[in-house]
Amino acid sequence: MISFCIIFDLHYLCNMIFYFSGTGNTRWAARYLAERTNEKLFFIPEELEGDCHYTLEENERIGFCFPVHGWQPPHIVREFIRRAHFESGATAYCYVLCTCGDSIGETMEIFSKALKAKRMKADSAFSLIMPESYVCLPYMYTDTPEREKEKKLQAQKDLETYARLIAEQKKGIRELVKGAAPKLYSYVIGAYFNAKMITDGPFTVDTETCIRCGICANVCPTRNITGGNGLAPGWKHDGSCTCCLACYHHCPKHAINYGKRTRKRGQYYYELNDKTK
């Protein structure tokens, strides 16, 4: 089905995907879906700068794509849902896709409650296993090159299936990897993680190694970093950091770290020239 977008006063009429991404896994997935289902992409941090008011036509689609942060939806995604106002036709089709390194716990249940507060529900929900990028906790590392390639190839196969189901507006699909003890991870470990560990406080920069290129500032999805053009990076400490680690992973000199633990850990971000894009 061909969809036409009409934009006026920040109100939109079209198939749409709202997404958030730090290291690029979810950005790749959202773009993949958009290309195959003829949907328009909206980057959540940018949308939060506007009035977050949207209108969806009858029989159209609305999708939400985001990474899992501590077995929960990221704070920025929940803030967007809280602020957003959706006017949609009764037959609008809603789906959710979240990316993760291994499992999502009760992420989808938490997000479903946020949608319910807006009188919306996910007709179908999907999780997509992607290369690991969170390295700030004990025993959490980036994947080996072999495992990274394996995950990407499987993700492309899974996403092809998901795109077909979404294009056909199939309802009741729940393709979710919740893992062992999902309630424990989401409501105990994840609750502590999201309440206490989402902060830019521990970020440091090795000024002798830093080349002051500004890449970290450019890739920060919330514009929380200053620097570049000859200046070392600095974090604003204004509460906007999502701990997505985009700055850490994109640093070409590994000059940025989150405390001491990441100094000997790997880096990863989804490169757009990857063959699986």
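In which helix is L184 found? The legends below, which describe close-up views of a predicted model, begin with this residue.

**Figure 1. L184 and its spatial relation to G105.** L184 belongs to helix α6, which spans residues 182-196. With a relative accessible area of 42%, L184 is partly exposed. Although 79 residues separate L184 from G105 in sequence, their C-alpha atoms are 8.2 Å apart in space.

**Figure 2. The aromatic pair F18 and Y54.** The two rings adopt an edge-to-face arrangement, with 4.8 Å from centre to centre and 70° between the planes. F18 is located in strand β3 (residues 16-19) and Y54 in strand β5 (residues 53-56), so the contact ties together parts of the chain that are 36 residues apart in sequence. Both F18 and Y54 are buried. In general, two values describe such a pair, namely the distance of the ring centres and the angle of the planes.

**Figure 3. The aromatic pair F80 and F86.** This pair is likewise classed as edge-to-face: the centres of F80 and F86 are 6.3 Å apart and the angle between the planes is 80°. F80 and F86 are both buried.

**Figure 4. The aromatic cluster that includes F18, Y54, F80 and F86.** Ring pairs join F18, F42, Y54, F64, F66, F80, F86 and F111 into a cluster. The count of aromatic pairs in the model comes to 22.

**Figure 5. Lysine side chains over aromatic rings: K40 with F42 and K152 with Y270.** At Y270, the charged end of K152 is placed over the ring, and the distance to the ring centre is 4.5 Å.

**Figure 6. The buried residues of helix α3.** Helix α3 comprises residues 75-83, and its buried residues are I76, V77, F80 and I81. These residues cover an arc of only 140° around the axis, and therefore lie on the same side of α3. As a general point, an α-helix has 3.6 residues a turn, so residues three or four places apart point the same way.

**Figure 7. Positive phi values at N38 and H237.** Most residues other than glycine have a negative phi. At N38, by contrast, phi is positive and near 60°. N38 is placed in the loop between α1 (25-37) and β4 (40-43), and is partly exposed at a relative accessible area of 37%. H237 also has a positive phi, near 55°. The loop that holds H237 runs between β13 (231-235) and α8 (246-250). H237 counts as exposed, with a relative accessibility of 53%.

**Figure 8. The largest pocket and its lining.** The space in the largest pocket amounts to about 430 Å³. Its lining consists of 25 residues, and those nearest the centre of the pocket are V68, H69, E132, S133 and Y134. The elements that contribute two or more residues to this lining are α1 and β8 (93-100). By residue class, the lining comprises 12 nonpolar, 11 polar and 2 charged residues.

Methods:
Residues numbered from 1 in each chain as written. Heavy atoms only, no water. Phe/Tyr/Trp six-rings, centres within 6.5 Å; stacked < 30°, edge-to-face > 60°. Helix = DSSP H or I, 4+ residues; strand = E, 2+ residues; numbered from the N terminus. Buried < 20%, exposed > 50% of the residue type's maximum accessible area, 1.4 Å probe, protein only. Lys NZ or Arg CZ within 6 Å of the ring centre and 35° of its normal. Arc of directions from axis to C-beta. 1 Å grid on protein atoms, 1.4 Å probe; cavity = no way out; pocket = protein on both sides within 12 Å on 5 of 7 lines; lining within 4 Å. Points joined across faces, edges and corners; volume = space filled by probe spheres on them. Nonpolar A, V, L, I, M, F, W, Y, C, P; charged D, E, K, R; others polar.
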